[in-house]
Amino acid sequence: MNAAEYHGRLNPCAFVRTYGCQQNVADSEKIKGILLNMGYNLTNDESTADLILFNTCAVREHAEDRVFGNVGALKSRKKKNPKLIVAVCGCMPEEKHVVERLKKTFPFVDLVFGTRSFSHLESLLKRLYLEKRRVFEYGVEEKVVAEGLPIHRDGDLKAYLSIMYGCDNFCSYCIVPYTRGRERSRKYADVIKEAHSIVEGGYKEITLLGQNVNSYGKGLHEGISFPKLLNDIANINGDFWVRFMTSHPKDATRELIDFMAKNDKICNHIHLPFQSGSNRILSRMNRKYTREDYVEIVRYARCKIPNVSITSDIIVGFPGETYEDFCETLSLVKEIGFTALFTFIYSRRTGTKAASFPDPVPYSEKNKWFQQLLEVQKEKTSEYCESVQGEIMRVLVEKSADANGHLTARNEGNVVVDVEGDKDLIGKFVNVRIVGYKNWVLKGEVIN
């Protein structure tokens with residue numbers, strides 16, 4: 001039995017909704033490739049779908065609540081159309097309490113599978129077709145990365161390239177090592193082969209993905225470090241950029257910075273999450289570096305790449321954090337001068353070590369700290385925007401912003417630049433002079 005036979009019509013449609021990080025987006029592109037191979041058409045209209053799949057994120061409670069809400073909304077549709085397949089995959093199904101809730105509270109969910117099972121999607125769906133009962137697969141131990149899966153990329157300009165999966169760091173607040181498993185690196189030849197196919201496909205930007213890209217090569221016998229892999233991809237013939245995320249500060253090396261400084265095709269942007277400016281809190285987070293270590297790697301990066309863009313993640317209100325600890329975070333933000341920050345109030349994750357820590361500070365107080373942080377970063381963003389006025393930058397034009405000739409572009413530092421110009425500039429690299437800004441968006445004039 002195939003998809004058409006199961007649903008009782010030719011060319012059944014599949015709707016895939018992705019939550020969370022870029023790695024989830026890359027996984028969804030493989031899921032879409034598998035579904036297309038099985039005879040499904042892809043649709044952006046959930047109401048027309050014969051299969052609805054949610055690829056989920058477990059990093060924060062809010063993301064999980066959204067998924068449960070959206071899944072619950074399908075109950076009446078499933079009742080009207082018993083042939084509708086409702087599937088939940090990704091990080092949430094790797095949590096035992098989530099699986100139990102899906103089994104008991106959402107009996108109309110047909111298929112549930114975890115992050116290490118998406119390569120089995122075709123066989124899981126065929127089991128569902130033939131056995132006509134719910135299918136669950138999670139907690140699979142995957143030591144070898146599945147290769148050769150079809151990919152349906154969401155765009156034709158920028159491509160994600162996963163180089164490794166999983167994480168061995170076990171930060172005390174983070175659920176990822178439990179939902180994505182231990183680190184597994186793809187073989188060098190497989191990564192390079194996919195990079196070549198991306199460049200040959202005309203993509204202008206490649207983003208290398210991993211929970212900690214700096215750990216690439218662990219478990220392989222090839223002796224290839226991440227800086228070497230990054231440089232080799234950048235040396236492929238073609239007019240494109242390559243960037244990467246995410247780097248862990250404890251593994252960000254001078255060798256990486258040196259390769260970035262020497263190769264013009266490697267974007268001058270490092271996303272380097274520091275999470276807290278307090279050494280006491282960093283220790284409780286199990287981050288394995290100090291504030292001083294972090295400052296030193298940033299200092300070296302700015303020495304070698306003067307215009308490097310540094311972005312970061314911060315958690316506000318970690319269990320046991322005091323206002324004095326938080327003020328150390330504020331002082332680090334002022335000292336470094338980040339191009340942009342991704343800031344979050346601590347979200348308790350069942351199964352992590354931090355979930356058992358005393359957490360006496362009320363959410364309302366944490367929110368006050370959070371607002372204070374946003375104000376400081378707003379000032380730093382304005383300082384950055386002021387500092388680049390009059391500069392000439394190379395940008396990649398991504399899309400139309402409105403009907404008035406405004407285009408959205410992005411520079412090497414991953415900063416959005418608003419440009420006026422013809423639509424034929426979309427998909428091209430152009431040089432612009434920065435002539436203004438609004439909020440965090442630069443305004444540029446194309447230089448002919």
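In this predicted model, ring pairs join Tyr173, Phe318, Tyr346 and Phe357 into a cluster. The structure as a whole holds 17 aromatic pairs. A pair of aromatic rings is described by the distance of the centres and the angle of the planes. For Phe318 and Tyr346, the ring centres are 5.6 Å apart and the planes stand at 80°, so this pair is edge-to-face. Phe318 belongs to the loop between strand E13 (309–316) and helix H13 (323–336), while Tyr346 belongs to the loop between strand E14 (340–345) and helix H14 (363–387); the pair therefore ties together parts that are 28 residues apart in sequence. Phe318 counts as buried, with a relative accessibility of 1%. Tyr346, at 10% relative accessibility, counts as buried too.

The charged end of Arg284 sits over the ring of Phe357, at 4.6 Å from the ring centre.

Phe326 and Trp369 are stacked, with 5.5 Å from centre to centre and 20° between the planes. Phe326 lies in helix H13 and Trp369 in helix H14, so this pair ties together parts that are 43 residues apart in sequence. Phe326 is buried at a relative accessible area of 1%, and Trp369 counts as buried at 4%.

How do the two helices lie against each other, parallel or antiparallel? Two packed helices are described by the angle between their axes and the distance between the axes. The axes of H13 and H14 come within 10 Å and cross at roughly 10°. With angles under 35 degrees counting as roughly parallel, H13 and H14 are therefore roughly parallel to each other. On the H13 side, the residues that meet H14 are Tyr323, Phe326, Leu330, Val333 and Lys334. Their counterparts in H14 are Trp369, Gln372, Leu373, Val376, Gln377 and Lys380. The stacked rings of Phe326 and Trp369 are thus found among the residues where H13 and H14 meet.

Two arginines in loops come next. Arg349 is located in the loop between E14 and H14, the loop that also holds Tyr346. With a relative accessible area of 4%, Arg349 is buried. Its side chain is joined to that of Glu64 by a polar contact of 3.0 Å. When neighbours within four places in sequence are left aside, Arg349 is in contact with Ala58, Val59, Arg60, Glu61, Glu64, Glu95, Tyr173, Ile175 and Ala355.

Arg153 is placed in the loop between strand E6 (135–137) and strand E7 (158–162). Its relative accessible area is 15%, and Arg153 is therefore buried. Which side chain makes a polar contact with the side chain of Arg153? The partner is Glu194, at 2.8 Å. Residues up to four places away in sequence not counted, Arg153 touches Glu29, Ala159, Tyr160, Glu194, Ile198 and Tyr203.

The loop between helix H2 (22–37) and strand E2 (41–42) contains Gly39. This glycine is partly exposed, with a relative accessible area of 35%. Gly39 and Asn2 are 37 residues apart along the chain, and their C-alpha atoms are separated by 7.9 Å. Beyond residues up to four places away in sequence, Gly39 touches Asn11 and Pro12.

Most residues other than glycine have a negative phi, and most peptide bonds are trans. Against this background, Met245 and Thr246 are joined by a cis peptide bond, with omega at about 10°. Thr246 lies in the loop between strand E11 (241–245) and helix H10 (254–262).

Gln275 is not a glycine, yet has a positive phi near 70°. This residue is placed in the loop between strand E12 (269–271) and helix H11 (279–285). Asn439, again not a glycine, has a positive phi of about 55° and lies in the loop between strand E18 (429–438) and strand E19 (441–446). Are these residues buried or exposed? Gln275 is buried, with a relative accessible area of 7%, whereas Asn439 is exposed, with 52%.

Conventions
Residues are numbered from 1 along each chain as its sequence is written. Side-chain values use heavy atoms; hydrogens and water are left out. Rings of Phe, Tyr and Trp (its six-membered ring) pair if their centres lie within 6.5 Å; planes under 30 degrees apart count as stacked, over 60 as edge-to-face and the rest as tilted. Helices (H or I, at least four residues) and strands (E, at least two) are DSSP runs, numbered from the N terminus. Buried means under 20% relative accessible area, exposed over 50%, partly exposed in between (1.4 Å probe, protein chains only). A charge sits over a ring if NZ of Lys or CZ of Arg is within 6 Å of the ring centre and within 35 degrees of the ring normal. A polar contact is a pair of N or O atoms within 3.5 Å; within protein, one must be able to donate a hydrogen and the other to accept it, and residues adjacent in sequence count only if both atoms are side-chain atoms. Contact means heavy atoms within 4.5 Å. Axes are lines fitted to C-alpha atoms, for helices over the stretch in contact, and angles run from 0 to 180 degrees between N-to-C directions. Angles under 35 degrees count as roughly parallel, over 145 as roughly antiparallel, 65 to 115 as roughly perpendicular and the rest as oblique.
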